[in-house]
Amino acid sequence: MATTSLRSLLARVGLDWFILALLAMIGLAKVIPAPGVQEGPFSLSALANYGVSLIFFFYGLRLNFDQLRAGLRNYRLHLVIHLTTFVVFPAVVLTARSLFITPENELLWLGIFYVAALPSTVSSSVVMVSIAGGNIPAAIFNASISSLIGVFITPLWMSLLLTGSNGQYDLKGVILKLTLQVIVPVILGLVLNRRLGWFAERHKTALRYFDQFIILLIVYTAFCESFTLNLFRDYSAGDLVGLAGMMLGLFFLIFGFVTLLSRIMHFNREDRITALFCGSKKSLVQGSVMANVLFPGSVAGIALLPIMMYHALQLIVASILAQAMAHRQGEINKVIR
């Protein structure tokens with residue numbers, strides 16, 4: 001009974017077991033880092049890489065060409081979402097970075113900019129749009145396309161900072177590796193959709209747990225290396241609280257921008273909701289995958305910290321906002337009737 005009540009309380013504020021598990025992985029990496037830094041074809045980091053390709057294969061398996069063709073029609077909505085995700089987000093953080101960066105917080109700012117350069121998340125965006133009563137097909141289309149675009153756009157944005165700090169940054173190599181690890185499995189899944197799509201739909205709950213398990217594995221191995229090299233020694237609890245405040249402020253700033261832009265574009269309620277939740281979210285899945293490719297293993301843990309924090313906060317805040325929108329619309333419908 002107490003467990004059920006606790007789960008209910010956590011669900012109401014947007015928390016779930018996965019956020020708590022992320023925190024547990026960080027704690028485990030601090031206490032037992034050795035397994036996460038081992039190398040080899042059967043090491044934990046190698047298993048995580050294999051798992052990433054499977055994640056995106058099953059993701060492609062659930063897509064179909066009919067959904068993608070139907071989604072192309074609402075181009076104004078797509079333009080707002082993707083410009084916000086890939087242009088406005090990075091521009092805002094770059095501006096703030098130039099004002100507040102110091103030698104001590106340079107790595108954290110690298111992680112914050114990484115959040116801004118990432119694509120939108122798929123599953124939680126669609127769930128929030130569904131709860132609030134938005135345009136679900138458009139949400140599925142935009143979240144899916146955002147993940148594919150991000151394979152190319154995110155490394156381009158990150159090259160601005162990583163090339164400055166490391167002249168050996170290999171943009172072509174990064175994009176090639178991400179294409180092989182992400183795009184190729186997605187295309188293979190998409191091609192097999194008509195034959196095996198039913199399998200992915202039937203087992204989508206199990207596949208979601210598999211996705212989360214692989215992310216936890218990536219987070220654990222990344223933080224193991226960071227803790228082994230003692231990279232967090234210069235960051236205090238106050239720094240982490242400040243980082244959380246910045247992530248929350250970034251979310252509300254973008255949320256407000258999309259609200260204003262949606263009104264200027266005269267979107268209907270459904271499209272406005274879709275723009276809000278797809279345009280303000282960032283993908284922890286893509287963030288975990290790309291961190292292994294973009295950053296040295298020792299830096300990946302710190303680079304992942306802001307996206308993990310943003311992920312948790314966006315789930316909590318977006319869940320509250322989506323439920324409030326649904327409740328408000330329910331009250332309006334009662335009055336109309």
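Mentor: What follows is a short exchange on aromatic rings. This is a predicted model, where local features need pLDDT of at least 70, side-chain atom pairs count only at pLDDT 80 or more, and totals for chains, interfaces and linings use all residues. Residues are numbered from 1 along each chain as its sequence is written, and side-chain values use heavy atoms, with hydrogens and water left out.

Trainee: How many aromatic pairs does a search of the whole structure find?

Mentor: Rings of Phe, Tyr and Trp (its six-membered ring) pair if their centres lie within 6.5 Å; planes under 30 degrees apart count as stacked, over 60 as edge-to-face and the rest as tilted. Searching the whole structure gives a total of 12.

Trainee: Which kind of pair do F255 and F277 form, given their centres and planes?

Mentor: The ring centres are 5.9 Å apart. The planes stand at 70°, so the pair is edge-to-face.

Trainee: Are F255 and F277 buried or exposed?

Mentor: Buried means under 20% relative accessible area, exposed over 50%, partly exposed in between (1.4 Å probe, protein chains only). Both F255 and F277 are buried.

Trainee: Which residue lies over the face of F89?

Mentor: A charge sits over a ring if NZ of Lys or CZ of Arg is within 6 Å of the ring centre and within 35 degrees of the ring normal. F89 belongs to one aromatic cluster with F251, F252, F255, F277 and Y310. Over its face, at 4.3 Å from the ring centre, lies K282.
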